[in-house]
Amino acid sequence: MADWNDKSIKLGDYKFFLILLSHTLITFVDGRGVDQFMKKRELPMHEGTVKTIESEDGDVIDCVDIRKQPAFNHPLLKNHTVQIKPHAQSRGIDEAENNPNMLFQSWHKNGECPEGTVPLLRRTQNFNHSRRSYPAFLHKKVAQLNDVNNPSNHEYAQVSAVDGNYYGARATINVWNPLTNFGELSIAQIWVLAGDGNELNSLEAGWTSDGYQSTGCYNLDCPGFVQTNKNIALGGSIEPVSKYGGEQRDISIFNNNDGNWWLQVQDQLVGYWPSSIFTHLAGTSDAISWGGEIVNNQPNGHHTSTQMGSGHFPNEAYGKASFFTKLGYFDEGNNVKDPENLEPFVTRPPCYDLRTGKDNKFGVFFYFGGPGYSANCQ
């Protein structure tokens, strides 16, 4: 594979969003559903806002008192004390500092959030928090779950490490501008999972081309994720993106457990999921997936033309096909290890495909994606 190119490019006509999701088993406390504890989020400004920043690309960011963020609407976090940094330094930070690609969100052109606050993207419409996205690898632990909870219109190209004892995951993810049809999405992300069947817990982080408007309980709209970083707005647009045959852009994502599940993007610690909100993920993960996902609503009566990755097939390789590099997992000693015996899964190879590899510079990697609708993908 070729080296990165660290020149900047302008964001195109599409917006790309840093996302995170979490699905937990704990849905009832004292006989009541967690939804009953949530505050309605219909006000134009987040509660606890001390400053508002508007970006030139349309994002409105509320700088919210860190102690008043939505995390604490979770019934199990009412008396939670914010942990500002992990107990042990993540080895991922040292790696990220060597990555020349810097994450940029355009709202920073118009200001910064003060110390003691976190940036929350202001929502302008209602969201459906009931639909969930799960990895689709065909493994005994989740095969039945996929049949029940994964809508048939979700398609995947991914690899998975299963039956392990994982304390976290990492990857460097190529960032593109896939075309998406209205009401659909195209994402690239990491899933960290534990549990069985309908008791599956999952954490997810990556990017999407629609801000996850269509599906999922994500970013800071659902209580549970405690943000500690004042510079990264989850759900906010990111730039620059990759150019076909030109500059390649990427983000490095790390997720590891020091008692809580910490999220790191590039060299920035973003925040954590407290272990107390999970059942199976209160300890370690037993499965990790990396890859792409799209929603196919079959517009016009045939397969969607929503693209995955760069919109090109893996055989076009570097600079043209989208990729994940430096796949890894964290062991008990907080060391990053290469995953072995990865299980690939592709829903419909004529529409989106995947090709794996390994080399000395980029470690375990794969190309993935495709254009969707074509003569071979109906």
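**Close-up 1. The disulfide between C351 and C377 in the predicted model**. C351 lies in the loop between β18 (343-346) and β19 (353-359), and C377 in the segment after β20 (363-369), so the pair ties together parts that are 26 residues apart in sequence. Helices (H or I, at least four residues) and strands (E, at least two) are DSSP runs, numbered from the N terminus.

**Close-up 2. The disulfide between C63 and C113**. The sulfur atoms of C63 and C113 are 2.1 Å apart. With a torsion of about -80 degrees about the S-S bond, the disulfide is left-handed. C63 belongs to strand β5 (residues 60-65) and C113 to the loop between α1 (91-96) and β6 (117-121), so parts 50 residues apart in sequence are tied together. C63 and C113 are both buried. The count of disulfides comes to two.

Close-up 3. A188 counts as buried because its relative accessibility is 0%. Neighbours within four places in sequence aside, A188 is in contact (heavy atoms within 4.5 Å) with I173, G206, W207, G291, G292, F324 and F368. The C-alpha atoms of A188 and S322 are separated by 9.5 Å, the two residues being 134 residues apart along the chain.

**Notes.** Residues are numbered from 1 along each chain as its sequence is written, and side-chain values use heavy atoms, with hydrogens and water left out. In this predicted model, local features need pLDDT of at least 70 and side-chain atom pairs count only at pLDDT 80 or more, whereas totals for chains, interfaces and linings use all residues.

Methods
Buried < 20%, exposed > 50% of the residue type's maximum accessible area, 1.4 Å probe, protein only. Disulfide = S-S within 2.5 Å.
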